[in-house]
Amino acid sequence: MRYSRFLAPTLRDDPADAEVISHKLLLRAGYIRRVTSGVYDFLPMGLRVLRKIEQIVREEMNRAGAQELLMPMVQPSELWEKSNRWEKYGPELLRFTDRHNHESCLGPTHEEVICDLVSRELRSYKQLPMNLYQIQSKFRDEIRPRFGLMRGREFIMKDAYSFHADEVSLEAEYRNMFETYKRIFTRLGLKFRPVEADTGSIGGSASHEFHVLAESGEDLIAHCSGCEYAANVEMAESSRNIPAGEAGDVTGVDTPNATSAEDVATYLKADVAQLVKTLLYRITGGPEDGNIVAACIRGDDQLQEIKLVRALKATSIEMASDEEIKAVGGVTGFVGPVGLSCRRLFDDTLKNSVGLIAGANRIDMHITGLDIGRDESTSEFADLRQTRAGDGCPKCGNAVKLSRGIEVGHVFALGTCYSEPMEVQFQNREGKRSTATMGCYGIGVSRLMAAVVEQCNDENGIVWPLNLAPFQVAIITMGKSDSGLEASEKIYHELLDAGIEVLWDDRKERPGVKFKDAELMGLPIHLIVGDRGLENGVVEVRRRNETKEEVKLDQILPALQSLLGGSQA
């Protein structure tokens, strides 16, 4: 491609609304442009990279035995009503009514559509297992789109759905997809970690997320320094050393204006870990729907709300209002578990604890000497705390570390939570009707493009891995002489004929501009054609930001083929 005829508008300065490095560089290097909030155009350079990512995903999915299809983005409401998700999914589901007054939505995911398809085509267990996938646009009406392609409203996703006759088959395909994902992200040249994860709004019994490690990541993941254990902090378990308390009677003590755990600990000259922090929530969904529930953790811990939601089998939780706190016997700022007229859940670290300090449910007062086993005989325990750096690994006991990650893939063992209401049935070996069990496997293809840039960049721009770069070689013509242009054009056609992807910068620009653009775009190999070199029968070849070497004109193709062959993933 000749640069003079190519749509690749670069910018010299960072756009004002770009916060993370991938957003800045993809805009500056002419890969994407914003259409509206959370929606982007992929310019020719961006589309070339996107197609290469898609191809790697496609090759590995096909290798794993999955079959590609394509489903519609517009989905009828009756399918979502059948799965009971039309209202449950929430405001991220963009609903609309067509001219026939028929309700539909833009698909954020395709469990309903694939189940509808398979329910009409599946007859016998002999057709199973079956894994069907697509690479297609999705739309989720995010309340706050941000970070460019990392959290947009419209995005490109690979979503796969497997159907099985039994759980043993589902487990085997789950492992197959797990290993397939590892191959995909390895081929993309990424530093990543698979982590145990919450099933979230998709549902199911088990799931793993695949995270690209990057400081800009929105997710916090806990991983062991001594073994392979890793989990999203929403799920991570850990152990910690707890200071021993001294047994004693429950005593009320004045704590004027001390409402935070730290203030109370300072006032009473106590270890903050000996305080009980009591948080009251209004529950939506599950057995406690509409009720107020107390979650109790140690004063130096942070509640992981997703764990509380799971423990209560709820759909969501929200902090209780002052009026709701008062209604169950609490006093805002001085809430404690003793005497509350609501269900109370204690974090596991509070088991068998004595000598604790808690709010007295009276203004400016706390109690000391609290013994959970003695004073809270009906207490329930669950893992509610968020894992911290330095905690003990639940598998081997070594120290846990925390890192930021960008979620780029997710695998779910769904079971029958969709196939049952959607009536995906088949005739089993005994000749009886049986419900298929399901797996679901997603990869954020457009997000992967941003994730690669988050890891592969330097002070001059993007540093694409060779197998993802939009063009493998940039020809940079120096000077304005006819001989330089003629030599560049000859080299350009020679490389094209050899199947090498090349961008020839034939613009009438200063050499500095051409070099800066090639580096900003992340083109891996630069071939520099200048009048001085041509006089000596050579051109300069270099890997991006590396030492140049002179190559004779008749050796350009073998030199480049050697570089390309030795560097491709």
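## Helices, cavities and a pocket

Guide: In this predicted model, helix 2 (residues 44-63) and helix 10 (residues 445-455) have axes that come within 9 Å and cross at roughly 110°.

Visitor: Why are helix 2 and helix 10 called roughly perpendicular?
Guide: Angles of 65 to 115 degrees count as roughly perpendicular. The axes cross at roughly 110°, so helix 2 and helix 10 are roughly perpendicular to each other.

Visitor: Which residues in helix 2 and helix 10 meet?
Guide: From helix 2 come Gly46, Val49, Leu50, Ile53 and Glu54, and they meet Val445, Ser446, Leu448 and Met449 of helix 10. By class, this contact has six nonpolar, two polar and one charged residues.

Visitor: What makes helix 1 (residues 21-28) largely enclosed by the rest of the structure?
Guide: A residue is buried when its relative accessible area is under 20%. Six of the eight residues of helix 1 are buried, so this helix is largely enclosed. The buried ones are Ser22, His23, Leu25, Leu26, Leu27 and Arg28.

Visitor: What covers the buried residues of helix 1?
Guide: The cover includes strand 1 (32-36), strand 2 (39-42), helix 10, strand 25 (457-458), strand 26 (461-462) and helix 12 (511-521). Helix 1 is followed by glycine 30, which has a positive phi, near 80°.

Visitor: How many cavities of 30 Å³ or more does a search of the whole structure find?
Guide: The search finds two. A cavity is a place where a 1.4 Å probe fits but cannot get out.

Visitor: What lines the largest cavity?
Guide: Among its lining residues are Tyr3, Ile475, Lys514 and Asp517. Strand 27 (473-477), strand 28 (502-505) and helix 12 each supply at least two residues. The lining divides into seven nonpolar, no polar and three charged residues.

Visitor: And which residues line the second largest cavity?
Guide: They are Met150, Arg151, Glu218, Asp219, Gly405, Ile406, Glu407 and Arg447. Strand 21 (residues 400-415) gives the most, with three residues. By class there are two nonpolar, one polar and five charged residues; Gly counts as polar here.

Visitor: What is the volume of the second largest pocket?
Guide: That volume is about 310 Å³. Of the 21 residues that line this pocket, Thr259, Lys277, Thr278, Gly333 and Val335 are the closest to its centre. Strand 14 gives the most to the lining, with five residues. The lining has 12 nonpolar, eight polar and one charged residues.

Notes
Residues are numbered from 1 along each chain as its sequence is written. This is a predicted model: local features need pLDDT of at least 70, side-chain atom pairs count only at pLDDT 80 or more; totals for chains, interfaces and linings use all residues. Side-chain values use heavy atoms; hydrogens and water are left out. On a 1 Å grid over the protein atoms alone, a cavity is a set of points where a 1.4 Å probe fits but cannot get out, and a pocket is an open set with protein on both sides within 12 Å along at least five of seven lines; lining residues have an atom within 4 Å of a point. Grid points are joined across faces, edges and corners, and a volume is the space filled by probe spheres set on the points. Helices (H or I, at least four residues) and strands (E, at least two) are DSSP runs, numbered from the N terminus. Axes are lines fitted to C-alpha atoms, for helices over the stretch in contact, and angles run from 0 to 180 degrees between N-to-C directions. Angles under 35 degrees count as roughly parallel, over 145 as roughly antiparallel, 65 to 115 as roughly perpendicular and the rest as oblique. Contact means heavy atoms within 4.5 Å. Buried means under 20% relative accessible area, exposed over 50%, partly exposed in between (1.4 Å probe, protein chains only).
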